[in-house]
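Dear colleague,

I am passing on the structure below, and after it you will find my notes on what turned up in it. Please read them next to the coordinates.

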Amino acid sequence: LLAALIALSSDSIRDLFTLFLALLGGVGPVYLLRWVWWRVRARTELVAMLASVGTTVFTQFVRPDGWSLGPLSPEGVLTSEGRLVVVVSVSLLCSAATLAFTRAPDPRTLVEFYRRVRPIGAWGPVRALCPDVAPHGDLAPCLLGSLAGIALTYGLLLVPGYCLLQRWTPLVVALVLAAAGVAGVAGALRR
């Protein structure tokens, strides 16, 4: 019902997409942070979700104008980018407050996860409980694999469109990008 009301109040699919992006925008950084810091847990993610949704509703429906954020709010109205900046900022502040004012999880509850995944980042207390498990020491393969995965995804995403439009030069570029992505992912997985 709520989705139908939001869709009826929208002027374009772009508006709906940017609203959806803002709704989930504040959660993304917390999801990533959970993999690199042992303190982040489900409670932090829930707070990020609620803050993201609440801030999006506030900036979209309660107070869409009257903002003073320079180029992010021309004539006092938040742009899509401005809304995203506000949503992510509020969500991160609320998540940081959750981390600051709640008790840290017991590192022993994360030992099994750490042994299986061996995540990179700030896992010191959990790592100390697993002296027999060698940590992934290098961040470079993870970054290479991530960037290569993005190249692979975007390369393959563009291939069908360029084929249908018979745009052969961009098609070759997209295929080369995808092939470089495959090579990068394979190289990162070998390390």
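At 27% relative accessibility, Phe113 counts as partly exposed, the classes being buried for under 20% relative accessible area, exposed for over 50% and partly exposed in between, with a 1.4 Å probe and protein chains only. Before going further, please note that this is a predicted model, in which local features need pLDDT of at least 70 and side-chain atom pairs count only at pLDDT 80 or more, while totals for chains, interfaces and linings use all residues. Residues are numbered from 1 along each chain as its sequence is written, and side-chain values use heavy atoms, with hydrogens and water left out.

Aromatic rings

The structure holds 4 aromatic pairs, where rings of Phe, Tyr and Trp (for Trp, the six-membered ring) pair if their centres lie within 6.5 Å, and planes under 30 degrees apart count as stacked, over 60 as edge-to-face and the rest as tilted. In one of them, the ring centres of Phe113 and Trp123 are 5.7 Å apart and the planes stand at 35°, so the pair is tilted. This pair links distant parts of the chain, since Phe113 belongs to helix α6 and Trp123, 10 residues apart from it, to the loop between α6 and α7; helices here are DSSP runs (H or I, at least four residues), numbered from the N terminus. Tyr114 and Trp123 also form a tilted pair, at 6.3 Å centre to centre and with 35° between the planes, and both of these residues are buried. Ring pairs link Trp35, Phe113, Tyr114 and Trp123 into a cluster.

Helix α4

Helix α4 (residues 42-62) has 21 residues and reaches 28 Å from its first C-alpha to its last, close to the 30 Å expected at 1.5 Å a residue, that span being 1.5 Å times one less than the number of residues. Its buried residues are Thr44, Glu45, Ala48, Ala51, Ser52, Thr55, Thr56 and Thr59. Seen down the axis of α4, these fall within an arc of 130°, so they line one face of the helix, the arc being that of the directions from the helix axis to the C-beta atoms. The face turned away from the buried side carries the exposed residues Leu50 and Val62.

Backbone

Two residues may deserve a look in your viewer. Glu75, in the loop between α4 and α5, has a phi near 60°, a positive value in a residue other than glycine, and Glu75 is exposed, with a relative accessible area of 84%. Arg118 has a positive phi of about 50° although it is not a glycine, and Arg118 is partly exposed at 28%.

Best regards

Definitions and conventions. Helix = DSSP H or I, 4+ residues; strand = E, 2+ residues; numbered from the N terminus.
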